[in-house]
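The notes after it are meant as a guide for your eye.

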Amino acid sequence: MSKLIQMPSKTWLKYKRWDVIKRYQSAASTVNLGNRTLTIETGKLAKFADGAAVIKQGETSVLVTAVTKTLSQPSSFLPLTVDYRLKAAAAGRIPMNYFRRERGPSESEILTSRVIDRSIRPLFPDESSREIQVCCNVLAVDGENDPAILSINAASAAIAVSSVQYQWNGPVGAVRVGYVDDKFVINPLRHELEQSKINLVVTSSKQGIVMLEGGANAVDYDLFKEAIKVGYEESFNIIESIEDLRKSASENKYIPKRLPPRFQDTEIQDAVYRLCNSKLTAVFTDYNHDKFSRDSAVKLIVSGVMNELKDLYLSMTEDDLNQYIQRCIKQIFRESIFTTGKRCDGRSLTQLRNISCSVDVLKPLHGSSLFQRGQTQVLCTMAYDSLDMSLKFDPVAQLIR
């Protein structure tokens with residue numbers, strides 16, 4: 001028994017679990033959005049996570065956890081995963097499918113995950129390479145308040161109070177703007193949204209607007225701009241609330257120092273640009289290339305430049321040098337487009353690829369079509385069947401029902 005209550009060893013501390021529980025502080029913050037009240041709490045649930053927040057508006061509440069790996073891994077993109085789930089149990093229901101269990105994520109859940117991802121991903125610096133997972137679990141839903149908007153703010157709060165914050169330029173605040181009875185409504189209820197002429201989601205940080213999504217029903221251009229402005233101003237109240245929450249939760253809390261930016265050595269950047277510029281520009285302005293021949297030419301140039309850089313910078317790893325090369329390729333590619341006014345296949349900035357459409361390409365099927373634009377193809381098929389082939393329940397299941 002004495003072994004269980006003694007201080008953890010250094011091996012255990014390496015995984016941060018004891019440290020997370022010990023330094024986690026409970027805190028709460030409240031923000032008023034028009035006649036709506038938003039409450040954000042942290043420190044009570046999911047203490048093993050690097051950061052966790054519960055947000056509540058009305059009777060709708062969402063738990064969001066943020067977890068990151070301790071060690072970074074070489075990656076050409078930010079390894080961020082966002083998973084949003086709205087289960088039937090959150091509404092006090094049992095799933096109505098055949099198995100009476102939760103299935104995979106629905107289309108609505110996938111689209112909501114993408115909205116959350118687009119709201120937080122742009123604020124991570126280019127050098128971020130630690131894998132991050134953000135999980136949004138709707139705890140309860142009242143049918144009136146939208147859990148999707150709450151999840152964006154809860155994700156922002158969870159990252160803000162976690163150890164991930166030192167490499168994130170947040171927090172962000174998100175609101176949904178509606179227009180009902182000639183008035184702007186912040187985070188409208190479901191019945192209000194059905195009558196609204198505007199349905200606009202605005203996510204902002206202190207640097208400016210991060211993400212916009214929405215639509216409108218025959219409204220004036222100036223009115224829509226005013227809706228964006230109102231949403232931007234209201235989101236600042238949420239940002240200030242999250243910052244207050246972070247200060248309260250971080251008392252006596254260890255916050256890792258911000259790592260120095262990676263891949264920012266100007267000497268190496270200049271050397272890579274000098275070796276790549278003329279060769280890559282020649283490839284990107286040769287409009288006789290197709291996708292595969294262009295990629296092959298670029299790979300050949302990258303291979304030669306990599307060999308030269310290895311001789312110049314012996315202490316640099318191949319993965320780090322490749323990061324400099326990839327950033328240089330992106331820079332030269334953009335410069336060639338803006339300089340010539342043409343894309344790499346010779347099209348102007350306003351010119352679209354030709355599209356070809358063919359129908360009835362598979363005779364035995366009831367319907368089939370083939371669409372092609374450039375080198376992208378989509379084959380669509382359709383099939384009818386009789387009512388006799390509809391879903392039939394198991395006889396035992398029918399008796400139970």
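What follows is a short briefing on a predicted model, arranged by topic.

- Six strands come together in an open sheet, where their order is 1-2-3-4-6-5 and the pairing is mixed.
- The edges of this sheet are strand 1 (27-33) and strand 5 (80-85), each of which pairs on one side only.
- On average, and with direction ignored, neighbouring strands of the sheet are turned by 15° against each other.

**Strands 3 and 4**
- Strand 3 (residues 51-57) and strand 4 (residues 60-68) run antiparallel, and seven bridges join the two.

- Helix 5 (residues 147-160) lies across strand 2 (36-42), strand 3, strand 4, strand 5 and strand 6, and it runs at about 40° to strand 4.

**Glutamate 192**
- Glutamate 192 has its place in helix 6, which covers residues 190-195.
- A polar atom of the side chain of glutamate 192 lies 2.9 Å from the backbone nitrogen of leucine 189.
- If residues up to four places away in sequence are not counted, glutamate 192 touches Arg36, Val180 and Val185.

Key. Residues numbered from 1 in each chain as written. Predicted model: local features only at pLDDT ≥ 70, side-chain atom pairs only at ≥ 80, totals over all residues. Heavy atoms only, no water. Helix = DSSP H or I, 4+ residues; strand = E, 2+ residues; numbered from the N terminus. Polar contact = N/O pair within 3.5 Å; in protein donor to acceptor, adjacent residues only side chain to side chain. Contact = heavy atoms within 4.5 Å. Pairing = 2+ DSSP bridges. Axes fitted to C-alpha atoms, helices over the stretch in contact; angles between N-to-C directions.
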